[in-house]
Amino acid sequence: MRAILHGKLILEDEILTGCVLLFDTKVRAIVTETTFLASYDRNGTWEGQPVSVTDAGGHYVAPGFLNIHIHGCVGKDTMDADDAGLEAMSRFQAATGVTAFVPTTMTYEWPAVTQALASVRRVRDAQSRPGAVPAGARVAGAYLEGPFVSETYKGAQRGAAIARADASLLEPYADVIRYVVLAPETLSPAERDAFVAACQAWHITVSLGHSGATYDEAQAAFAAGISHVTHLYNAMTGFHHRQPGIVGAAWQSQAVCELIADNLHVHPAAQDLLYRLKGPDGVVLVSDSMRACGLGDGPSELGGQDVFVHDGAARLADGTLAGSVLCLNEGLRHWKENTGADWPSALRAVTTVPAKELGKEGVWGSIRPGADADIVLFDETVAIDETIVGGTTVYRKD
């Protein structure tokens with residue numbers, strides 16, 4: 001058993017002080033410090049059980065963050081189809097407070113995509129074996145950002161590899177794919193509906209993104225069951241008072257909207273507007289980071305294309321923003337600053353909202369009895385002190 005004392009414990013709707021969090025692989029209880037200390041003895045036991053105590057030093061104690069859209073970091077990329085590379089990503093993500101992440105593919109020829117999916121599956125399955133000890137953040141499945149995208153709004157995706165959406169391609173990997181991006185205007189309404197229905201049957205979330213859809217086309221896509229939007233504002237038709245585009249339709253929809261809160265992809269005012277329109281349960285923060293994340297400025301690569309990172313911005317040779325080098329804890333700090341949200345509300349965008357989409361509501365993204373003991377300790381600037389996955393410390397600040 002472990003105990004965390006002297007922390008500000010962030011629950012879904014409140015912050016508790018003067019409490020102790022007790023856990024092993026699962027969260028077991030939250031008790032007052034008075035109750036805990038009354039039964040804790042000098043031999044390091046509480047109610048007859050050995051307990052290892054961590055002093056949070058007044059810092060925040062929160063559910064671990066979930067990063068559902070990430071291509072790479074520390075020189076590694078999902079498209080490398082390299083198990084060791086995914087494990088390196090896992091360790092780095094833990095250092096940013098992330099306890100589970102969804103490795104994300106790019107628009108490549110399909111055989112390369114399937115190799116990446118097979119690698120994600122292997123690492124996920126290895127981490128899930130009974131008795132496996134966490135070494136970093138969990139791999140929670142895969143996110144397909146392409147190849148079913150629009151040529152006009154491909155962004156940093158490879159145009160030569162864009163393909164027409166075909167659900168039969170996904171079926172052999174339905175156990176590992178958690179999200180798939182679709183430009184709905186590239187299909188007839190009947191084809192779109194059949195694709196969405198197949199994905200729903202496999203519990204794959206269809207996300208509207210990299211799309212030139214009109215406002216009406218986007219509304220129809222949401223009505224057909226598309227329930228997510230890939231990096232809102234970026235690589236899609238924007239808002240205009242006579243042509244509201246995907247952005248306008250997304251604002252009015254029930255779909256969860258991703259946001260890259262690096263203050264480069266999206267202006268702080270547009271972040272605040274999104275929060276006001278969608279509320280704390282309608283937004284999920286993502287890093288969308290590439291292999292250059294964690295390496296500083298210099299040349300890099302994304303989707304087979306040369307990228308250069310300068311002053312925290314990653315761009316193709318033509319100046320197009322190409323993914324990001326954002327860490328999710330930094331994005332959370334920006335989000336809270338830009339929206340003025342309190343901590344419980346701000347945290348939902350990296351905890352309860354993605355947990356629900358992943359089918360892990362109440363298991364991940366929450367501190368409550370019975371939830372997985374995925375916990376992060378951080379200060380006011382969201383600098384990470386410690387990250388715990390399944391009760392095991394996988395990162396601790398030196």
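Which residue in β17 is the bridge partner of valine 181? Serine 207 is that partner. The model is predicted.

**Strands β16 and β17**
- Strand β16 spans residues 177–182 and runs parallel to β17. Four bridges join the two.
- Strand β17 covers residues 205–208. Thr205 and Ser207 point one way from the strand, while Val206 and Leu208 point the other way.
- All four of these β17 residues are buried.

**Strand β1 and its two partners**
- Strand β1 runs over residues 2–5, and both of its faces are covered. Arg2 and Ile4 lie on one side, Ala3 and Leu5 on the other, and all are buried.
- With strand β8 (residues 52–55), β1 pairs in the parallel sense. Four bridges make up this pairing.
- Isoleucine 4 has threonine 54 as its bridge partner in β8.
- With strand β4 (residues 19–23), β1 runs antiparallel, and three bridges join them.
- Arginine 2 has phenylalanine 23 as its bridge partner in β4.

**The sheet β21-β22-β23**
- Three strands form an open sheet in the order β21-β22-β23, with antiparallel pairing.
- The edge strands are β21 (298–302) and β23 (313–316), and each pairs on one side only.
- From one strand to the next, the twist averages 35°.
- Strand β22 (residues 305–310) pairs with β23 in the antiparallel sense, over four bridges.
- Valine 309 has alanine 314 as its bridge partner in β23.

**Helices α6 and α7**
- Two packed helices are described by the angle between their axes and the distance between the axes.
- Helix α6 takes in residues 215–223 and helix α7 residues 245–252. Their axes come within 7 Å and cross at roughly 40°.
- The two helices are therefore oblique to each other. The crossing of α6 past α7 is right-handed.
- On the α6 side, Tyr215, Ala218, Gln219 and Phe222 make the contact.
- The contact of α6 with α7 has six nonpolar and four polar residues, and no charged ones.

**Backbone exceptions**
- Most residues other than glycine have a negative phi, and most peptide bonds are trans.
- Glycine 146 and proline 147 are joined by a cis peptide bond, with omega about 15°. Proline 147 is found in the loop between β15 (142–144) and α4 (167–170).
- Glutamate 47 is not a glycine, yet its phi is positive, at about 50°. This residue lies in the loop between β6 (45–46) and β7 (49–50).
- Glutamate 47 counts as exposed because its relative accessibility is 54%, and the cut-off is over 50%.
- Valine 74 also has a positive phi, near 40°. Its loop runs between β11 (72–73) and β12 (76–77).
- Valine 74 counts as partly exposed because its relative accessibility is 27%.

Note on methods
Residues numbered from 1 in each chain as written. Predicted model: local features only at pLDDT ≥ 70, side-chain atom pairs only at ≥ 80, totals over all residues. Heavy atoms only, no water. Axes fitted to C-alpha atoms, helices over the stretch in contact; angles between N-to-C directions. Parallel < 35°, antiparallel > 145°, perpendicular 65-115°, else oblique. Left-handed = near helix turned anticlockwise from the far one by under 90°. Contact = heavy atoms within 4.5 Å. Nonpolar A, V, L, I, M, F, W, Y, C, P; charged D, E, K, R; others polar. Buried < 20%, exposed > 50% of the residue type's maximum accessible area, 1.4 Å probe, protein only. Pairing = 2+ DSSP bridges.
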